[in-house]
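Welcome, and please take a moment with the sequence and the model below. A short tour follows once you have had a look.

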Amino acid sequence: MIFDLLRKYQLDIMLVLVGICGITAFFVSITGSLPKKRKRALMLVESYATILLASDRLAYIYRGDTSLIGYWMVRISNFLVYFMTLSVVHAINMYTTDLMMNEGGLKKPPFRLRVCEVLAVFGELLVIISQFTGLYYTFDETNHYMRSPAYILSYIIPYTLMLIQLSVLFQYRKKLRRLVCYPLMLFAVMPILASIVQLFAYGISFINMSIVGMAVVMYVFVVINMNATVWRSHRLEVEYLKEQRKSMHKLFEQTATALASAIDAKDQYTHGHSSRVAEYSRRIAEMKGKSEEECEEIFFSALLHDVGKIGVPDYIINKDGKLTDEEYQAIKQHPEIGYGILSSISEYPYLSIAAHYHHERYDGKGYPTGLKGEDIPELARIVAVADAYDAMTSKRSYRDSIPQSKVREEIIKGSGTQFDPEFANIMQHLIDLDTEYELRERGDAGKLGGRNVLAVGEYRSEISAGIYITANKVRISLKYAPEEDALDESKAALLLFDSNDGRAYSDERKRKELHYFEYGEIFFDGKTVVAGARDMKTEIGQEEGRSAKKSIFSKSNYTEYIIEAVRFKDHALIRIEGGKRVLQVTVALPDSSRFLFLGLTGQYCRLSDVKTEESEEAVGEGYIKRIAEEISYINVPVGDIPNVQIDGYRTEATEGIPITDGMKISFHSMSLPTANLIWHCPFICIFTSPDKKMGGEGFREYALIRLDGEYWESDDAARNENYVNRSEEFKGWEAWKKTNRGGIDVAVSFKRKGNAVTTVTENQGIYIKNTTIIDGDTDELYVGLTGDQCALTDIRITSA
């Protein structure tokens with residue numbers, strides 16, 4: 001049925017294909033992006049294919065026509081069909097040869113393609129000869145075409161050429177682009193397949209139509225490849241420009257960093273200060289919602305905020321005692337000096353802003369110009385908070401670093417006076433999120449706080465900076481060597497402790513000030529000392545495959561140790577491998593709230609080459625076998641929803657409760673025994689989430705309200721109007737914290753009108769009213785309870 005249809009409309013199909021192929025030949029002729037030889041070959045392919053099918057069509061039209069015109073048209077058209085078939089294949093060979101030389105990277109054409117050239121010419125000569133000898137075909141008295149016995153030879157030669165070309169393309173296919181190689185392969189295969197089909201459909205020119213069709217397809221792929229090449233060239237150009245820009249940016253960054261480091265180097269106690277201030281400033285800007293470009297400008301301006309100290313004498317900067325009035329005036333000149341240096345860089349005008357104004361105060365009592373409030377450039381107001389934070393959390397010649405909790409309280413005190421309240425609030429929030437105390441001046445734990453060797457004399461005379469242990473396993477490698485004159489008394493140990501700044505202290509005043517708590521000690525020989533921990537259980541095994549080696553720093557032997565430490569809630573697991581034994585110590589901590597630090601120490605020994613690695617994956621429940629019961633403060637009667645014990649900043653939370661107008665939530669709150677800061681209290685979170693859980697997929701937080709009166713506006717899609725009033729019932733923060741430790745009853749009421757939610761609560765003389773206005777449509781709004789180091793029990797929900 002389909003073959004009959006093709007026979008009926010064959011001449012029309014041929015005419016359409018001839019027209020398409022002719023137009024294709026025209027487009028090839030005006031294409032300017034192809035190499036000259038390849039363009040000529042492709043032009044020949046399209047032209048020969050057009051003539052081939054046009055001739056085939058004429059042969060069909062004039063067959064059996066005994067007129068003079070019919071006589072000549074049948075002979076000329078059949079000659080052209082045979083000749084152009086070989087000519088198309090010949091032109092394809094020329095195209096493939098150029099492709100191999102230019103894109104395939106060959107120095108000379110493959111031998112098989114040169115054989116094809118000779119064979120194609122030979123075939124064309126045979127076609128010419130056949131016109132005089134009847135080698136391929138003859139015509140009868142009715143002017144009909146008749147095949148001769150050697151007719152098969154007219155198929156063998158072009159098909160042989162195609163197969164040879166296909167073998168070459170297959171061999172070198174990896175050197176050519178797919179868009180170029182595959183159409184050529186298809187060109188060789190399709191006529192062969194068409195000839196098989198034609199065996200069952202005599203009288204339909206499948207072979208010639210397939211040749212013309214593939215010639216058109218070939219051009220289409222050439223165009224696609226040209227476009228891909230142009231796009232690739234454009235992309236390479238863009239990438240080159242990007243690389244150039246990156247290179248310039250990197251050069252600028254390295255120059256700025258080098259300059260900042262040179263400034264910090266003037267003061268032995270401010271190493272890394274500028275880089276830290278720049279990073280903190282960038283984080284504040286990101287939290288504010290600044291664009292990436294604005295954040296970068298703030299970063300580099302902050303990086304160079306102290307550049308004016310270049311003009312201050314070193315003896316003033318490094319003076320240990322109190323500055324004289326004259327010296328203080330000299331220090332106060334550094335913003336003007338910095339402005340003078342950086343304002344000359346006209347390409348980056350923002351660089352001078354932080355240098356000039358970072359010592360201005362929000363209340364107008366700063367220097368050098370005494371600007372007030374929002375008259376101070378926003379960039380400088382951001383850097384002022386970051387600069388003050390780093391100054392307080394870093395060690396100085398006249399004091400140790402101030403604990404982060406105390407710094408937070410200082411920022412609260414300075415809000416609205418020294419600092420812009422908005423950026424002071426953001427800095428407080430960054431501190432709250434910094435559960436691992438990353439925002440601080442750090443010695444490299446792997447190098448023992450900046451030293452290459454920790455040399456310990458009397459027991460615990462030296463203790464390294466604490467290595468923070470979490471649910472992500474920490475691996476510590478080190479070398480231990482005893483002192484030569486105290487081999488029998490030498491020992492290495494791990495000190496397990498918690499403190500606000502991650503360092504161990506023996507001074508009682510420091511211990512109290514920094515909330516130092518000691519869990520115990522683990523000696524490398526297997527001995528343990530339990531202090532504040534509930535229990536320690538040790539397992540000792542034999543180590544395989546290690547031996548003592550020669551020390552790099554003395555004539556004594558050293559031993560390599562591998563320590564692995566991990567913590568999950570109120571249990572820790574410490575594994576020490578070395579010295580031909582393996583120790584595994586399970587530690588039952590007194591609670592899940594305190595931090596756990598490992599300090600390296602010992603007696604009459606040297607510890608060196610300390611390296612630390614932290615796993616990216618956290619361990620889960622069951623990884624550490626319990627040796628003591630879990631301490632719980634919520635094993636009391638449950639209200640409408642389960643009780644919640646929150647051991648750290650927002651580590652646990654209730655499920656979301658749909659907010660309805662007039663709804664009330666009441667609960668009992670008790671600070672955990674480890675709580676010692678103002679923000680160790682319950683939080684009220686307003687959010688949306690498909691699964692009603694905080695932090696789940698699709699979670700959006702609109703407000704975070706704390707019972708101490710602070711709040712955090714978490715999403716750009718919401719605005720919060722917060723009002724806090726402290727009445728005469730408020731007896732001060734120490735009394736407030738003390739009462740919270742004993743436990744308080746809390747009631748929270750909600751009013752909802754559309755997308756506006758008003759939250760009201762009062763505790764110990766602190767009245768809080770927060771109105772959250774959400775822009776646009778929202779899914780169902782939820783409220784959840786969370787907090788920091790507190791237990792929430794007997795949670796009751798009352799609807800209006």
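This report goes from the whole chain to a few individual residues.

## Ground rules

This is a predicted model, in which local features need pLDDT of at least 70, side-chain atom pairs count only at pLDDT 80 or more, and totals for chains, interfaces and linings use all residues. Residues are numbered from 1 along each chain as its sequence is written, and side-chain values use heavy atoms, with hydrogens and water left out.

## The chain as a whole

Let's begin with the overall dimensions. The chain has a radius of gyration of 42 Å, whereas a compact globule of 800 residues would be near 28 Å (taken over C-alpha atoms; the globule rule is 2.2 Å times the number of residues to the power 0.38). Along the principal axes, the C-alpha atoms fill a box of roughly 125 × 80 × 65 Å.

The secondary structure comprises 18 helices and 27 strands (DSSP runs numbered from the N terminus: H or I of at least four residues for helices, E of at least two for strands). Of the 800 residues, 47% are buried (under 20% relative accessible area, with exposed over 50% and partly exposed in between, using a 1.4 Å probe and protein chains only). Among contacts (heavy atoms within 4.5 Å) between residues at least 6 apart in sequence, 70% join residues at least 24 apart.

## Two buried strand residues

Glu577 sits in strand 12 (residues 571-578) and counts as buried because its relative accessibility is 19%. Its side chain makes a polar contact with the side chain of Arg575 at 3.0 Å (a pair of N or O atoms within 3.5 Å; within protein, one must be able to donate a hydrogen and the other to accept it, and residues adjacent in sequence count only if both atoms are side-chain atoms).

Gln603 belongs to strand 14 (residues 597-603). With a relative accessible area of 15%, Gln603 is buried too. Leaving aside residues up to four places away in sequence, Gln603 touches Val456, Gly457, Glu458, Tyr459, Glu489, Ser490 and Lys491.

## Backbone features in loops

Most residues other than glycine have a negative phi, and most peptide bonds are trans. Asn143, not a glycine, has a positive phi of about 65°; Asn143 lies in the loop between strand 1 (137-139) and strand 2 (145-147) and is buried at 4% relative accessibility. Lys580 also has a positive phi, near 65°, in the loop between strand 12 and strand 13 (581-588), but Lys580 is exposed at 58% relative accessibility.

A cis peptide bond, with omega about 15°, joins Tyr367 and Pro368. Pro368 lies in the loop between helix 13 (351-357) and helix 14 (378-393).
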